[in-house]
Every structure is written in C-alpha cells, then in structure tokens.
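Trainee: Could we go through this structure together, one question at a time?
Mentor: Gladly, let's take a look.

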Amino acid sequence: MSGDLVVERPEGLYCPSGDFYIDPWRPVHRAVITHAHADHARAGHEHYLAAVPSEGVLRARLGDIALQPVAYGETVEHRGVRVSLHPAGHVLGSAQVRIECGGEVWVVSGDYKIEPDATCAPFEPVACHCFVTESTFGLPIYRWQQQHEVFADINAWWAANAAAGRPSLLMGYSFGKAQRILSGIDAGIGPIVVHGAVEPLNRAYRAAGVGLPPTRLVSEVTDKADFKRALVLAPPSVQGSPWQRRFTDASDAFASGWMRLRGARRRRGVDRGFVLSDHADWPGLMQAIGATGAQRVIVTHGYEAVMVRWLQQQGLEAGAFRTEYGDEAIEEAAAGAETPAASQGSTP
Ligand SMILES: [Zn+2]
Ligand SMILES: [Zn+2]
C-alpha cells in the first residue's frame, strides 16, 4: 500500500517518508538499528541510529561507526517523520522502533522478550496502528518456564559437577545469553571462566552499569585445580574445537530456546539442555501484539505463515515481510570464533 510507513526493499525494511532503513542487511545511507546482534546490526552503513545503552556493544562489534545514540523515549524528527526507540527486553540496548507520520503510527519490534531480566530494560508495549513483529518462536509449542526455575536447574547442575570435581561447560550465544546467565546464576558455587568471545561483551555490559559476577579468561586461570569447580561459558561454536578439548572431563550443556524441541539436546550431543531464550514465547508474542492495540500486524523472521494465519483468525489484518534476519544460529556464527568479537565486525 502506498501509505505504508515501512516497506520491503532489497536492502532491508525501509521507511519511504523518512528515507531510512531499519536493520538493513545491505549497506545503506541511514540505518536505525534495533539491537547489536550480528544479523540485525551489520557493518557498512554510512549513518547509524540506535538506543544509548547499545552503544558499547555496537562499537565492540562494529568498531568506529558513525553512530547517533538516542535515549529510550526521545523523539528524533527526520523529514517530517517522528522516530523514537522503546525497550524490547531482548539484550542490552535492544529497541522497538516507533515511527509516526501524518497521524499514523507503526512499531517495528526487532527481537523482543516479555519476561524482564537484570541485563536490559524491560519490554515496553507501544500503542500503534501497525506492529511489525518477529516470530522466532512463533509456534504454540514454545512456552517458557520462568527464568528463576531455569537458573535453579543450572545452579544444581553446576554444584553437582563441582562436588564431583568436574568443570561445567555451558554453551550459549556470547552476546546477550552469556550475560543473562552470568546475572542469573549463583556465583558462590565456584569460579567462572569465559571464552574470549564472551569477555568483550561482558566488559560492554559492565560499562553500561549491568552488574555481572567476576569472570576470568582461560589464560588467567593460574591454578588448574580451579577448573574442577568452574562454570565455563562459551559460544556454541567451540563444540568439537581444540578450545573445548581442554575440558574433556567436563559435563557439557547448551542454553537456548531451541532446547524446548524434542531431541534438540541429543542432536547437540550435550549432557544437559537448558531452555532459556531471549525471545518471546508464543504466549509472549500474543501478549505483545495484543498490548499494541494494532489492527494490522506484519510478521517477520520465524514462523511467519503460522502466525499470519492465527492472527487473521483473530480478526486482524496480517501479512509478512521477507527479511534476511536469521535465528540465533547466525548470531552464533558471527560470535563464535576464537578471536574476540571486537575484531570481527564485518562478519555478516
Ligand atoms: Zn537478536
Ligand atoms: Zn532477530
């Protein structure tokens, strides 16, 4: 439709009235970035606009970019279009983009999560006429336990391993998931060791005022006996790598929303799977959509067809945008190398 505030273009989601893109996947002149995960925040744009708390993580990943940081709720006017960013509860600095023009309001969600956690500002419902939503876990089978129960499970697993003198190797994405785990676990159980891809992001979180327990790199552990009681946090890409072979006697585990799927733990070949996601589950997606009051919903990256059909059955006008955002697996690929995240800003 001609009056749409956001449309699909080969470069990414585009606002014609404001002449800017949201999380574009090809280099553009002006990019509004919802959050610093690699599939949403790519290198090569001339100008970036993003929420203030995302500045550290964006710079850790993309280096010296032309970034205009904007506080949550602050309005920026551009070519008669009012743009503001609102917390999405997904990772540090994550934002929904509110676009207002001629009395019409659209909100592009990026990735979001409903359950608040200590590492980022909680999701804020924003009223709009049209809501562009992610659908990473947009199937009714996805329902999360409360996070305190998941953290209790992780603590129990770690404590049992420590008592047996085995390291606990927990794999999860290095940006967002790792810091959420760090903020949720009981750091009194033993030392915490992190992979080199995780620590630059820990630093960015701490610099933004997020409290995380002390962490050490493998190279900083002088007494190897410390490993026996340690929780070792690493990105999934270490699986089968020489890095992992230091911890041959470890119990290994994987933390992800995908662990909710039957057989996922076995396919990963790990001892334990913890269902912990930084995305909304099905009830969360429905709650978020309902809270916007939007009569029109456009579904992106995930289970678009299922959600579109469901929303149409609820009497809403629903459609989908094809995007090049991946699931967390793409984020993993970009975050998972041995080198610190800071040096791989151009990884797509
Ligand atoms: Zn994300
Ligand atoms: Zn995403």
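This is a predicted model: local features need pLDDT of at least 70, side-chain atom pairs count only at pLDDT 80 or more; totals for chains, interfaces and linings use all residues.

**A sheet and a helix, step by step**

Trainee: What is the order of the strands in the open sheet of six strands?
Mentor: The pairing in this open sheet is parallel. Strand 14 (216-217) and strand 17 (272-274) each have a single partner strand, so they stand at the edges, with one side of each left without a neighbour in the sheet. Reading across, the order is 14-13-15-12-16-17.

Trainee: Which residues of helix 8 are buried?
Mentor: Helix 8 covers residues 304-313. In general, an α-helix has 3.6 residues a turn, so residues three or four places apart point the same way. The buried residues here are Glu304, Met307, Trp310 and Leu311. They cover an arc of only 140° around the axis, which puts them on the same side of helix 8.

Trainee: And which residues are exposed on the other side of helix 8?
Mentor: Start from the buried side, with Glu304, Met307, Trp310 and Leu311. On the other side, the exposed residues are Ala305, Arg309 and Gln313.

Trainee: Which strands do the buried residues of helix 8 pack against?
Mentor: Met307 is one of the buried residues of helix 8, and Met307 touches Ser135, Gly138 and Val299, not counting residues up to four places away in sequence. Taken together, the buried residues of helix 8 pack against strand 11 (130-135), strand 18 (296-302) and strand 19 (317-320).

Trainee: Why does Met307 count as buried?
Mentor: A residue is buried if 20 or more other C-beta atoms lie within 10 Å of its own. Met307 counts as buried because its C-beta neighbours inside 10 Å number 24.

Trainee: How far apart in space are Met307 and Trp282, C-alpha to C-alpha?
Mentor: Met307 has its place in helix 8. In sequence, Met307 and Trp282 are 25 residues apart. In space, C-alpha to C-alpha, the distance between Met307 and Trp282 is 9.4 Å.

Definitions and conventions:
Residues are numbered from 1 along each chain as its sequence is written. Chains are lettered from A and ligands numbered from 1 in the order in which they are written. Two strands pair if DSSP finds at least two bridges between them. Helices (H or I, at least four residues) and strands (E, at least two) are DSSP runs, numbered from the N terminus. A residue is buried if 20 or more other C-beta atoms lie within 10 Å of its own, exposed if 12 or fewer, and partly exposed in between; C-beta atoms are placed from the backbone. The arc is that of the directions from the helix axis to the C-beta atoms. Two residues are in contact if their C-beta atoms, placed from the backbone, lie within 7 Å.
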